[in-house]
Amino acid sequence: KTGLGYSGAGFDEATARAPWMTELGDAPYAFLSYVGWAGLFSPSQAAEGTKGGAALGNDDVFAEDLAAIPAGTTSVIQFHSGLEYAAAPAGSVRTDLRTAIDNGADLAIAHHPHVLQGIELYRDGLIAYSMGNFLFDQYIYATQLGMLLYAWMDGDALYRAEVVPVYVNG
């Protein structure tokens, strides 16, 4: 009802996987959001068929959903996955996000580990493996560090990126 754009959740699988399409300046953007696991409870958090929930993502889903994005559209994937508190991204997350770039994503941003895991320039895209906790309050030193990521685009091509550190003090 607020008009705030969103992606990654819906009343069924099709709406959960649908991108939020918008224009920034005069350029078209598509935002796609996913979780990396269905969960261990029943019913699961994942949208499936006519069941609502979160969009469950993997490299096959990324490829299928990105193929439906119009050419010339900047595509941003957000992926809630990875191992909590791990110093480096899980191999599966690295593979999934590289596959997203291979299939047309311009930016791939992961979050879940609660700690920073760095960024990678991969082919023509940018991958942020974990942005840290941003403003989430946990009492573990490493989780007090986070980052903002600014990305400048020239059409659907990455022009420049800047990481701004964030530290939660108290």
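Biologist: Which residue meets Arg123 in a salt bridge?
Modeller: In this predicted model, the bridge to Arg123 has an N to O distance of 3.3 Å. Arg123 sits in the loop between strand 7 and strand 8, and its partner sits in helix 3, 21 residues apart. That partner is Asp102.

Biologist: Is Arg123 buried or exposed?
Modeller: The cut-off for exposed is over 50% relative accessible area. Asp102, with 40%, is partly exposed. Arg123 has 65% relative accessibility, so Arg123 counts as exposed.

Biologist: Which helices does the pair of Asp65 and Arg17 tie together?
Modeller: The side chains of Asp65 and Arg17 form a salt bridge at 2.6 Å, N to O. Asp65 lies in residues 59–67 and Arg17 in residues 13–17, so the pair ties together parts 48 residues apart in sequence, namely helix 2 and helix 1.

Biologist: Are Asp65 and Arg17 buried or exposed?
Modeller: Buried means under 20% relative accessible area. Asp65 has 11% relative accessibility and counts as buried. Arg17 has a relative accessible area of 16%, so Arg17 too is buried.

Biologist: What is the N to O distance in the salt bridge of Glu120 and Arg98?
Modeller: Glu120 lies in strand 7 (residues 116–122) and Arg98 in helix 3 (residues 91–102), so the pair ties together parts that are 22 residues apart in sequence. Glu120 counts as buried at 16% relative accessibility, whereas Arg98 is partly exposed at 27%. Their side chains meet at 2.7 Å.

Biologist: Which strands are the edge strands of the open sheet?
Modeller: The open sheet has 6 strands in the order 2-3-5-6-8-7, with mixed pairing. An edge strand pairs on one side only, and this holds for strand 2 (20–24) and strand 7.

Biologist: At about what angle does helix 2 run to strand 3?
Modeller: Helix 2, which holds Asp65, lies across strand 3 and strand 5. Its angle to strand 3 is about 155°.

Biologist: Which strands does helix 3 lie across?
Modeller: Helix 3 holds Arg98 and also Asp102. Helix 3 runs at about 150° to strand 8. The strands it lies across are strand 5, strand 6 (107–111), strand 7 and strand 8.

Biologist: Which strand gives the largest share of the nonpolar patch?
Modeller: The patch covers about 650 Å² of surface and is made by Phe134, Leu135, Leu148, Tyr150, Trp152 and Tyr159. Tyr150 is placed in strand 9, and at 44% relative accessibility counts as partly exposed. The largest share, 3 residues, comes from residues 145–154, which form strand 9.

Methods:
Residues are numbered from 1 along each chain as its sequence is written. This is a predicted model: local features need pLDDT of at least 70, side-chain atom pairs count only at pLDDT 80 or more; totals for chains, interfaces and linings use all residues. Side-chain values use heavy atoms; hydrogens and water are left out. A salt bridge is a side-chain nitrogen of Lys or Arg within 4 Å of a carboxyl oxygen of Asp or Glu. Helices (H or I, at least four residues) and strands (E, at least two) are DSSP runs, numbered from the N terminus. Buried means under 20% relative accessible area, exposed over 50%, partly exposed in between (1.4 Å probe, protein chains only). Two strands pair if DSSP finds at least two bridges between them. Contact means heavy atoms within 4.5 Å. Axes are lines fitted to C-alpha atoms, for helices over the stretch in contact, and angles run from 0 to 180 degrees between N-to-C directions. Patches are made of residues with over 30% relative accessible area and no salt bridge: like charges are joined within 9 Å, nonpolar side chains (Val, Leu, Ile, Met, Phe, Trp, Tyr) within 5 Å. Accessible areas come from the Shrake-Rupley method with a 1.4 Å probe; for residues, only the protein chains shown count as cover.
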